[in-house]
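This report describes one protein structure for a reader who is new to the subject. Please keep the sequence and the structure in view while reading.

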Amino acid sequence: MRYDSVIPLVRVLTATVLWVSGGASGWAAHSIRIPLTDGFDQPVGKPDGNGYYVFRGFYPNAHMGEDWNGNGGGNSDLGDPVYATADGVVVYSEDYGRSWGNLIIVRHAVRPPGGAVQIVDSVYAHLDKRHVRLYQMVKRGQSVGTIGTAHGRYAAHLHFEIRKNLQIGPQQTSFARDYTNYFSPRQFISQRRQLGGGGAVVVPVDTFNGQGPSSPAAAGGAKPVPVPVRDPREAAKA
Ligand SMILES: [Zn+2]
């Protein structure tokens, strides 16, 4: 798709949405101006994850995120707040059904010290409640929802991802499940806790090619993949 002809068109919620030239497949792409984030926090027990632990880590080709659970185990964390890991804009907020459950994706603009701007997505899955809507601007540490069970599929926990590929969306099966498309979340966050921030960047927002609960691609649902039990610290180094 091309983003070369940006024309102001509509204002949605608190964000200014720009219309951009349509993609080759005919769907319109949009973009939103968002602030560069001033850093990243953990998505539970803000800002450092206090009171929670990762019981299943990031593991390429098996588990593309981290599963956060309350120290009390089981469903002790059901209904606990889940926080935006950084400033950004909501690019997906839907109940995807039994696989993801309630799912939120937030897009962030990041400029590491001395580096070029990166655009990344943070993913919050299996939520009990969603507190934010599509295209809503969120602040680092703002509650975006609550920890849930994906409609009873799992013991309550947060599945959290950070993605470098902005096209994945809810239907991730056609994307390589490795570092070409994903970051190891705690590794990513630990290197970006405090950033300069300041300024703003225009980012595309409807990059999932029409995916949604009613799309044909969603009908089959994303299938969870069996994951070998493994020390998350090893997985982070894999
Ligand atoms: Zn998970």
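**Basis and confidence**

The structure is a predicted model, in which local features need pLDDT of at least 70, side-chain atom pairs count only at pLDDT 80 or more, and totals for chains, interfaces and linings use all residues. Residues are numbered from 1 along each chain as its sequence is written. The term pLDDT denotes the predictor's confidence in each residue, from 0 to 100. For this protein the mean pLDDT is 82, and 76% of the residues reach 70 or more. Residues 1-14 have pLDDT below 50, and this stretch has 29 contacts in the model beyond near neighbours in sequence. Over residues 212-238 the pLDDT stays under 50, and the model has 46 contacts beyond four places in sequence for them. Two residues are in contact if their C-beta atoms, placed from the backbone, lie within 7 Å. Where pLDDT is low, the predicted coordinates should not be read in detail.

**Overall make-up**

The protein contains three helices and 15 strands. Helices (H or I, at least four residues) and strands (E, at least two) are DSSP runs, numbered from the N terminus. Of the 238 residues, 42% are buried. A residue is buried if 20 or more other C-beta atoms lie within 10 Å of its own, exposed if 12 or fewer, and partly exposed in between, with C-beta atoms placed from the backbone. Among contacts between residues at least 6 apart in sequence, 68% join residues at least 24 apart.

**An open sheet of three strands**

An open sheet is formed by three strands in the order β6-β12-β10, with antiparallel pairing. Its edge strands, β6 (81-83) and β10 (129-130), each pair on one side only. Two strands pair if DSSP finds at least two bridges between them. Two bridges join β10 to β12 (residues 143-146), while three join β6 to β12. The table lists bridge partners in this sheet.

| Residue | Bridge partner in β12 |
|---|---|
| V82 | G145 |
| K129 | T146 |
| R130 | G145 |

**The nonpolar core**

In soluble globular proteins, nonpolar side chains tend to be buried together. A nonpolar core is a set of buried Ala, Val, Leu, Ile, Met, Phe, Trp, Tyr and Cys residues joined through C-beta atoms within 7 Å. The largest such core here has 49 residues, and V82, V89, V90, I104, V106, Y124 and V144 have the most contacts inside it. Strand β8 (residues 102-110) supplies the largest share of this core, six residues.

Strand β5 (residues 66-70) is largely enclosed by the rest of the structure, because five of its five residues are buried. From β5, E66, W68 and G70 point one way, and D67 and N69 point the other way. β5 pairs with β4 in the antiparallel sense over four bridges, and Y52 stands opposite G70. Three bridges also join β5 to β13 (residues 158-163), again antiparallel, and E66 has F160 as its bridge partner there.

G51 lies in the loop between β3 (29-35) and β4 (52-56). G51 counts as partly exposed because it has 13 C-beta neighbours inside 10 Å. Beyond four places in sequence, G51 touches G45, G70 and N71.
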